[in-house]
Structures are given as structure tokens and as C-alpha cells.
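Hi,

Here is the model I promised to pass on. Have a look at it first, and my notes on the charged pairs and the core follow below.

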Amino acid sequence: MENKREATVNAIMKVVERKRKKNVRVAVTSLLRPACNEEYERLRKEVNRDLHEKILAMKAESIRKCEVGSSFLDIDDLIQAGCFLEDGVHLLQEGETKLSQRFICWIRANHLLMEGRMD
């Protein structure tokens with residue numbers, strides 16, 4: 001039986017795979033919700049690490065096959081910077097701005113990558 005970490009990672013990766021099969025670019029962010037206790041924080045960091053590793057492997061494979069890729073956007077620094085409301089889920093204006101800037105960079109980088117493939 002899968003543990004909580006594996007179950008969480010596998011559930012997220014299934015969604016990513018379904019979207020990729022439909023030729024959709026996917027950006028996975030690290031799990032939100034700052035620590036409510038030490039065990040949760042440990043699990044959250046392990047899940048983020050595992051997701052990052054799996055997404056990187058998927059991205060490398062996509063590049064080799066010239067397919068639509070996926071990316072992992074680590075937003076732990078937003079959590080550390082206090083960019084979330086007290087609920088730990090909803091972003092403050094500063095957090096929205098920083099996360100939007102990350103997505104814009106990701107979109108531009110993917111656009112340039114796809115343009116290069118079309119040449």
C-alpha cells in the first residue's frame with residue numbers, strides 16, 4: 001500500500017500525464033500551505049522534492065522526443081516571504097504579483113522553446 005507521500009505524488013502525476021496526452025503544457029507548483037506542524041511540513045517538503053524529480057525526468061524525456069513538456073515551479077520562497085494570507089492558501093497582492101511574474105517567465109521560455117522547434 002502506498003504511503004501518503006507516494007499517493008499524493010502519484011495522484012498529481014496522473015493528472016499531469018492526462019493533460020500531456022492531450023498536448024497541454026503543464027506547470028506544477030510546489031504544494032502550498034505552510035507548516036501547521038512538523039510532520040506536515042516534512043511531508044510537504046518530501047512531496048515537493050519527489051514531484052520536482054519526476055517532473056524534471058518527464059521534461060528531459062519530452063525534450064528528447066520533441067514533445068510538449070511540463071515544468072515544476074518551486075514557490076517555497078513565497079511561503080517563506082510571507083506572501084500568503086494567514087490561511088496559508090490564498091496569496092496576498094505581493095504573492096500574486098511574484099507568482100504571476102514566475103508564470104510569465106515560464107510562458108515566455110516555453111514559447112521560445114516551441115518557436116525553436118518550429119524552425
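A quick word on naming: helices (H or I, at least four residues) and strands (E, at least two) are DSSP runs, numbered from the N terminus. Bear in mind that this is a predicted model, where local features need pLDDT of at least 70, side-chain atom pairs count only at pLDDT 80 or more, and totals for chains, interfaces and linings use all residues. Residues are numbered from 1 along each chain as its sequence is written, and side-chain values use heavy atoms, with hydrogens and water left out.

On to the charges. There are nine salt bridges in the structure, each being a side-chain nitrogen of Lys or Arg within 4 Å of a carboxyl oxygen of Asp or Glu. One of them joins Arg-42 to Glu-39, at 2.4 Å from N to O. Both residues sit in helix α2 (residues 38–65), three residues apart, which is about one turn of the helix.

How accessible are they? I call a residue buried under 20% relative accessible area, exposed over 50%, and partly exposed in between (1.4 Å probe, protein chains only). By that scale Arg-42 is partly exposed at 39%, and Glu-39 is partly exposed too, at 47%.

Another pair to look at is Asp-50 with Arg-49, whose closest N and O atoms are 3.1 Å apart in a salt bridge. Here Asp-50 is buried, with a relative accessible area of 13%, while Arg-49 is partly exposed at 40%.

Lys-98 is partly exposed, with 33% relative accessibility, and Glu-94 is partly exposed at 42%.

Now the greasy part. A nonpolar core here is a set of buried Ala, Val, Leu, Ile, Met, Phe, Trp, Tyr and Cys residues joined through side-chain atoms within 4.5 Å. The largest one has nine residues, namely Val-9, Met-13, Val-16, Val-26, Val-28, Val-47, Leu-51, Ile-55 and Met-58. Two or more residues each come from α1 (4–21), β1 (26–29) and α2. Helix α2 gives the most, with four residues.

Cheers
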